[in-house]
Amino acid sequence: MRGEEGRFQYTIKDVKITELNLTSDLRFQPDVGLLFEVQNSSITLNFQRRILYWLFYDEGAINASAEGVNIFTVLHLTKDQEGRLKISNVTCDASIAKMRARFSGTLGRVYDLIGAFLTTGMRFLLNKQICPALNHAALVLVNQLLETIPVRTEVDSYVGIDYSLLSDPVVTETSLDMDFRGMFYNLKNENEVLVNYAMNPIVREYDRMIYLALSEFFFDSGLFSYFKGGLQKQLLLDSFQMPKDLEMLLRTTYLGTIMMLNPALMEHPLSLELEVTSPPRSTIKTSGANVAVSCNVKVLVLPPGKPAVQLSSMTMEGKFNAKVSMKGKRLAIHLDLRRFKIYSNQSALESLALIPLQGPLKTMLQISVVPLINNYIKRGVQIPLPDGIDFIEEVVEYHNGYIIVGANLHFRTGLREIIERKPAIVTVNMNSIL
């Protein structure tokens, strides 16, 4: 800092906090925001000083410690235009009761003699700089960190997911409540979405740091989007994939049909074609979650070099148990086929003839189809959290119409390290003219 001629200038710059001993408390202030309070704490700081008086020049370091630090901060939360969580304003009040300093440099001993006067000035300056520094950290650095959390992102090549906030966060005496959209969408047609008729989840638990409530709409929108996107809408199982006993059973069942069409078809392989005819639907109860699927099953003969010949068409209805789990940041589902039935689209008599096929067909699906689906969905869906923060001690609870996932938060790295990874640069300069 360069001052006017004949004026005494004392500059403090490049303030660095080297040690923090904080006794802090984070509370919820209803209808206001998050209250962060620091009481009777201490801070160790390092300054660079510079004195310029006419031709006299001196510089050196100051190692200072502040005691009796009290900071009262309220973070006001809102959502931005993209539906992302944002700190809109900061209310701050700070004070330092006592300060001590040690000086180095050419005139270090001289400063020690007038240390009381200088530390009083530094304490006054720090009192004025704590809140601006916190405002910058919250409104700039933390908001930059929040901007890295995706609110609308692709899950795979078929669907994406929307985690945008529907309204501003609500602060109560015991919690911070945020209402997310929680909806999948088809990447081929993002405007083709499922209408939400699900009930609103109710969270009454307080044993974990965070609770994620997922209604049936969350899962139904994913099933709807995958159906519209065409993922595994048609699945062809040829005779080399199906068990031999099932193939023989199919040949026996449709022997008359084959003979009536063309006896030469008996020598050619059989296949089953499964086509999902409508979006699967989920149901969540206190006993667990399940997914209902309806398919059209065609029995085909595959003569080489010729179009497939259809022997029969039937309807298959299956019900899968769905086990929901959370690991790290990913929400995953594991399916298990529990109920299965087939019936003819043509006559009740043919439905009776299909009864012997139900057991072998169910076994084939459990061996061939279900593992294929589970292998695809096992990676799960990522829940939006900043880098360096994970869920731990997860617990899943099933309610009528929704699921609640409770978890604690684990910081693999401190918030300070997380912020320092970002491109923002923090510079705090404290300049005064005495």
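**Surface, sheet and helix**

Guide: The protein chain exposes about 24200 Å², of which carbon and sulfur atoms supply 54%, with accessible areas coming from the Shrake-Rupley method with a 1.4 Å probe, where for residues only the protein chains shown count as cover. This is a predicted model, in which local features need pLDDT of at least 70 and side-chain atom pairs count only at pLDDT 80 or more, while totals for chains, interfaces and linings use all residues. Residues are numbered from 1 along each chain as its sequence is written, and side-chain values use heavy atoms, leaving out hydrogens and water.

Visitor: What is the order of the three strands in the open sheet?

Guide: Strands (E, at least two residues) and helices (H or I, at least four) are DSSP runs numbered from the N terminus, and two strands pair if DSSP finds at least two bridges between them. Here the order is E11-E20-E19, with antiparallel pairing, and the edge strands, E11 (210–215) and E19 (389–399), each pair on one side only. Nine bridges join E19 to E20 (residues 402–411), and Val396 has Val405 in E20 as its bridge partner.

Visitor: Where is the kink in H7 centred?

Guide: The bend at a residue is the angle between axes fitted to the seven residues ending there and the seven starting there. In helix H7 (residues 355–377), a kink of about 40 degrees is centred on Gln366.

Visitor: Which residues of H7 are buried?

Guide: Buried means under 20% relative accessible area (1.4 Å probe, protein chains only). In H7, the buried residues are Leu357, Leu361, Met364, Leu365, Val369, Val370 and Asn374.

How values were computed:
The expected span of a helix is 1.5 Å times one less than its number of residues. Buried means under 20% relative accessible area, exposed over 50%, partly exposed in between (1.4 Å probe, protein chains only).
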